[in-house]
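Visitor: I'd like a quick tour of this one. Can you keep it brisk?

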Amino acid sequence: MTAPLPLPGRSRPAPPRAEGKLLTSSSYVEDPAPSHGSSAPRSAFRSDAPALGLGGSWRFLLSPSAEAAPDGIERDDYDDKGWDDIPVPGHWQLAGHGSPAYTNVRYPFPVNPPHVPSDNPTGDYRLSFDLPDEWPDEPAVLRFDGIDSCGRVWLNGTELGVTKGSRLPAEFDVGPLLRPRGNLLAVRVHQWSAASYLEDQDMWWLSGIFRDVTLLARPAGGVRDFTVDAGYDHLTARGTLRLDADSGVRISVPELGVVGLPAGQPAEVADVTPWSAEEPRLYEGEVHTGTERVPVRIGFRTVTVEDGQLRVNGRRIVFRGVNRHEFHPDSGRVVPREFAVADVELMKRHNVNAVRTSHYPPDPAFLDLCDTYGLWVIDECDLETHGFSELDWQGNPSDDPRWADAYLDRMRRMVERDKNHPSVVLWSLGNEAGTGRNLAAAAEWTHRRDPTRPLHYEGDADCAYTDVHSRMYASHEVVDRIGRGVEGPERIRELPFILCEFGHAMGNGPGGLLEYRELFERHPRCQGGFVWEWIDHGLARQDAEGRAYFAYGGDFDEPLHDGNFVIDGIVHPDRTPSPALAEFAKVFEPVRITGADGALRVTNHYDILSSAHLDFSWVLEQEGTEVARGTLTVPPLAAGDSTDLPLPVLPATGAESWLTVRAALAADTAWAKAGHVVAWGQTPVTAAPALPAPAAGAAPDMTESALRLGPGVFDPLTGQLTALGGLPVEGPRLDLWRAPTDNDRGSENPDERSWRAAGLHRLQHRLVGTELLGDALVVRTRVAPPGLGFGMRADYHWSADQQRLRLRLEVEPEGTWPCTLPRLGVRMTVPAALGRAEWFGRGPGEAYADSRQAARIGRFTSTVDALQTPYVFPQENGNRIDLRWLRLTSADGAGLRVDGEPAFAFTARRWTSEHLAAAAHTTDLEPGDTIVLNLDLAQNGLGSASCGPGVLPQYRLHPDSATLTLTFTPEATP
Ligand code: GAL
């Protein structure tokens with residue numbers, strides 16, 4: 001696996017030779033052995049030695065198989081004129097060669113390890129480059145940060161070796177081969193290799209040289225590799241610093257008075273500020289020899305498992321984390337730096353404090369950002385063999401000795417590359433690779449190599465060789481049992497527990513985050529988790545009319561695919577936050593502000609930080625309109641502490657009024673400006689006054705063609721409202737249906753299936769009769785599915801005065817209902833011109849019964865178009881809850897007002913739920929001639945059943961008798 005190191009000095013060692021097999025054919029492709037010809041893995045660093053980035057435009061040829069690829073591409077005289085240009089780094093499928101394919105668990109080829117299809121797309125790359133004039137005449141390495149999946153490399157006609165391990169670096173010694181001018185680098189990349197069996201992560205299959213390629217001069221007598229061990233003793237506030245490296249290498253950290261500390265010699269440093277995700281204090285230093293200087297950033301911290309808890313610097317930490325795949329909608333797993341920065345900033349602004357690098361080490365630059373900005377990281381190895389689960393794990397490489405070296409090699413390359421990042425607090429062996437000897441051996445090596453970090457692997461259910469108990473998608477109930485220590489074998493009951501995946505953010509959802517937080521707070525060993533996942537992997541595409549949309553599995557005609565299961569992020573593909581991110585930010589806010597009995601309680605939920613960096617302020621709003629504001633003095637609270645404060649002195653208010661208290665950054669940080677709100681809470685200060693007298697007193701006026709009641713006009717035959725003060729409308733009619741969400745469609749006990757079986761998507765409305773009862777019009781109906789016996793009585797009681805029309809809808813289930821209801825409310829259409837919404841209720845974003853923490857009481861405005869959440873796979877969305885009133889108006893301000901008694905929820909869209917349900921992409925949603933307005937008593941919760949538990953019992957909407965009371969008031973132009 002390793003080649004000898006270049007000798008110091010200017011002598012030229014013999015050209016490096018690839019070890020192992022004769023590479024005259026492509027037999028290496030199906031060899032389970034790891035890379036060869038590459039040099040020993042080492043830390044990723046950049047020193048003051050010259051470096052030459054080789055990214056840019058390369059020559060490229062795609063052949064349908066390894067055998068069909070041309071001979072001699074490594075030769076100077078090979079003619080590549082007929083080839084194309086391709087950007088490196090990049091994936092060839094996103095550069096017009098072949099197409100992407102998505103599968104989750106299944107391998108897209110026959111499972112016959114280590115064999116791969118003969119139709120094995122093979123990309124040949126060529127680059128000719130000159131050395132800069134000042135390039136030194138000394139050893140050099142050629143570094144590839146990522147080639148998917150297998151690359152054979154030549155420089156100037158000499159073969160350097162083969163690299164596998166797509167998301168892992170490989171370096172080749174090349175010094176003696178370099179020429180000042182006209183170097184020729186040739187790389188043959190195979191889409192499939194034996195290594196593909198180890199890389200079955202749930203993501204697009206995308207190939208090519210997709211991370212940086214760099215030529216690095218390696219000065220004689222320079223720094224080959226180093227490990228900085230920077231521990232922190234929280235009892236003494238002292239740091240220990242130790243450099244492990246070849247003798248002669250030293251470390252200096254001027255700020256700490258450390259000058260030229262030799263490798264191998266520990267030093268104690270008094271009064272260091274430790275590194276944490278909450279306060280990422282880094283000390284700048286240098287690792288140096290006489291010929292090379294490497295800038296380093298040191299974070300002092302000690303990670304331990306003690307008393308069943310994972311602790312950093314003696315403190316229990318809670319992961320409020322996300323799983324992050326590397327993704328960009330245009331470039332796939334090539335994530336330009338500004339997008340990695342955008343990810344980290346978005347995370348920090350939404351109270352995310354941890355990242356699991358699912359399921360491979362990220363671009364090394366991402367870990368630098370985690371160090372700088374402060375994120376706890378589980379660095380996960382590039383390993384997943386999930387497709388073997390389809391075969392009952394028969395033949396799983398994890399327990400097959402032929403793959404032993406590959407497992408060790410992968411772990412080794414990750415650990416050596418990333419060991420100097422303080423942000424990395426846990427190593428992870430990989431994901432969903434079953435169990436077996438090779439994992440156990442990799443674990444053993446890792447424990448020996450780096451005793452400073454505990455080891456994670458969810459697949460080791462008994463923690464036979466890992467240090468933390470981890471599960472994915474465990475229900476609240478199971479997490480509670482784990483927290484109470486009544487679940488699983490003895491060993492795991494004594495270990496910290498994390499949810500390496502939870503809250504599956506596919507489409508609209510997840511619901512139930514709040515209840516997970518409560519468990520993390522209740523049980524000290526339950527130390528948080530990582531939402532699945534950060535970003536939707538939707539690839540940017542245009543339809544025939546040039547309209548942009550995001551593609552998912554099946555959109556590239558893949559014969560085998562898993563559809564939109566790749567669209568399960570908490571941010572959309574273009575990194576606009578999905579409503580779930582706002583919910584996450586609110587649920588996991590580090591400070592909690594609550595109000596009760598005329599007092600405020602502020603609790604610090606940081607793991608480490610005091611609240612001293614926050615400014616508190618308040619705003620008093622009457623019916624959503626600000627009437628007063630001020631600052632609030634909150635004494636700095638240590639992590640875990642809380643305080644009770646009296647309410648500020650507030651002016652008297654008449655209408656319903658709420659006090660909102662916000663905690664905002666007092667000073668700029670790397671990730672947000674001063675004033676950024678990290679937490680907020682609301683408390684009511686003036687209850688809503690008694691509701692205005694109900695609309696009544698206008699007498700019905702019946703003609704042959706119409707029945708008039710106040711501002712309402714009804715069809716006398718059907719009892720349907722047809723106009724409201726001159727506005728043509730249709731409905732309102734009872735509506736129980738919603739366009740199913742991915743979570744409704746979920747795997748276990750799916751709601752959608754039971755709803756469709758109960759015919760809720762095709763209900764029929766039968767008019768039982770209309771009658772005039774005094775001044776009220778009563779329209780009695782029975783709403784029921786075809787072919788089934790149960791149904792719902794729905795009686796509409798209409799009354800009015802001259803300006804207002806009031807509906808009291810009474811529903812009463814009949815017979816035995818077999819399922820929950822998607823929603824309970826009414827649907828109507830209003831003119832398309834009423835495209836502006838204003839409401840007093842919860843907002844500004846969408847909210848559902850079990851995902852509503854981010855929605856605050858206030859007065860909000862939006863266009864109907866902006867109310868829609870453009871989930872990549874269209875589904876129910878955009879619901880606003882707890883409305884006291886809603887106004888829908890046209891540009892001139894005229895329109896319709898709806899008041900609830902007391903509250904209701906609404907969605908308004910330019911298409912029906914049926915259209916929404918039928919759409920496969922956002923471009924399938926064509927605006928109709930009207931706005932479809934749903935006014936609801938309730939909707940079923942969201943849950944997380946697309947992968948995980950369904951809707952918690954308290955958020956399920958069961959058929960029951962209910963009353964929805966709404967008052968409609970047409971409004972003229974103001
Ligand atoms: C997990 C897996 C993830 C992803 C998720 C579902 O089992 O670890 O990679 O597939 O399910 O989206």
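Guide: A word on labels to begin. Helices (H or I, at least four residues) and strands (E, at least two) are DSSP runs, numbered from the N terminus. Bear in mind that this is a predicted model.

Visitor: Fine. Where does Pro114 sit?

Guide: Pro114 is in the loop between strand E4 (101-103) and strand E5 (122-129).

Visitor: And what kind of peptide bond joins Pro113 and Pro114?

Guide: A cis one. Omega is about 0°.

Visitor: What about the bond from Gly509 to Pro510?

Guide: That peptide bond is cis too, with omega near 5°. Pro510 falls in the loop between strand E31 (497-502) and H7.

Visitor: On to phi. What is the value for Glu432?

Guide: Near 40°. That is positive, in a residue other than glycine. Glu432 belongs to the loop between strand E28 (424-428) and H4.

Visitor: Is Glu432 buried or exposed?

Guide: Buried, because its relative accessibility is 19% and the cut-off for buried is under 20%.

Visitor: Helices now. How do H3 and H4 meet?

Guide: H3 covers residues 404-418 and H4 covers residues 437-449. Their axes come within 9 Å and cross at roughly 30°. That makes H3 roughly parallel to H4, because angles under 35 degrees count that way.

Visitor: Which hand is the crossing of H3 and H4?

Guide: Right-handed.

Visitor: Which residues make the contact?

Guide: On H3, they are Ala404, Tyr407, Leu408, Met411, Arg412, Val415 and Glu416. On H4, they are Asn438, Leu439, Ala441, Ala442, Trp445, Thr446 and Arg449.

Visitor: How do those residues divide by type?

Guide: Nine nonpolar, two polar and three charged. An α-helix has 3.6 residues a turn, so residues three or four places apart point the same way.

Visitor: What about H1 and H2?

Guide: They pack at an angle of about 35°, with their axes 10 Å apart. H2 runs over residues 364-373. The crossing of H1 and H2 is right-handed.

Visitor: Which residues touch there?

Guide: H1 supplies Arg337, Ala340, Val341, Val344, Glu345 and Lys348. H2 supplies Phe366, Leu369 and Tyr373. By type, the contact of H1 with H2 holds six nonpolar, no polar and three charged residues.

Visitor: Change of topic: helix H8. How many of its residues are buried?

Guide: Seven of nine, which leaves H8 (residues 579-587) mostly covered. The buried ones are Ala580, Leu581, Glu583, Phe584, Ala585, Lys586 and Val587.

Visitor: What covers the buried residues of H8?

Guide: The cover includes helix H1 (337-349) and helix H7 (513-522). It also includes strand E25 (319-323), strand E32 (526-531) and strand E41 (677-686).

Visitor: Let's end on strands. Where is Glu838?

Guide: In strand E53 (residues 836-843). Glu838 is buried, with a relative accessible area of 17%.

Visitor: What does Glu838 touch, beyond residues up to four places away in sequence?

Guide: Arg859, Phe860, Thr861, Trp885, Leu886 and Arg887. Thr863 is 25 residues from Glu838 along the chain, and their C-alpha atoms are separated by 8.6 Å.

Visitor: And Thr967: which strand is it found in?

Guide: Strand E58 (residues 962-971). Thr967 is buried, with a relative accessible area of 6%. Leaving aside neighbours within four places in sequence, Thr967 is in contact with Arg804, Leu805, Arg806, Arg897, Val898, Asp899 and Glu901.

Conventions
Residues numbered from 1 in each chain as written. Predicted model: local features only at pLDDT ≥ 70, side-chain atom pairs only at ≥ 80, totals over all residues. Heavy atoms only, no water. Axes fitted to C-alpha atoms, helices over the stretch in contact; angles between N-to-C directions. Parallel < 35°, antiparallel > 145°, perpendicular 65-115°, else oblique. Left-handed = near helix turned anticlockwise from the far one by under 90°. Contact = heavy atoms within 4.5 Å. Nonpolar A, V, L, I, M, F, W, Y, C, P; charged D, E, K, R; others polar. Buried < 20%, exposed > 50% of the residue type's maximum accessible area, 1.4 Å probe, protein only.
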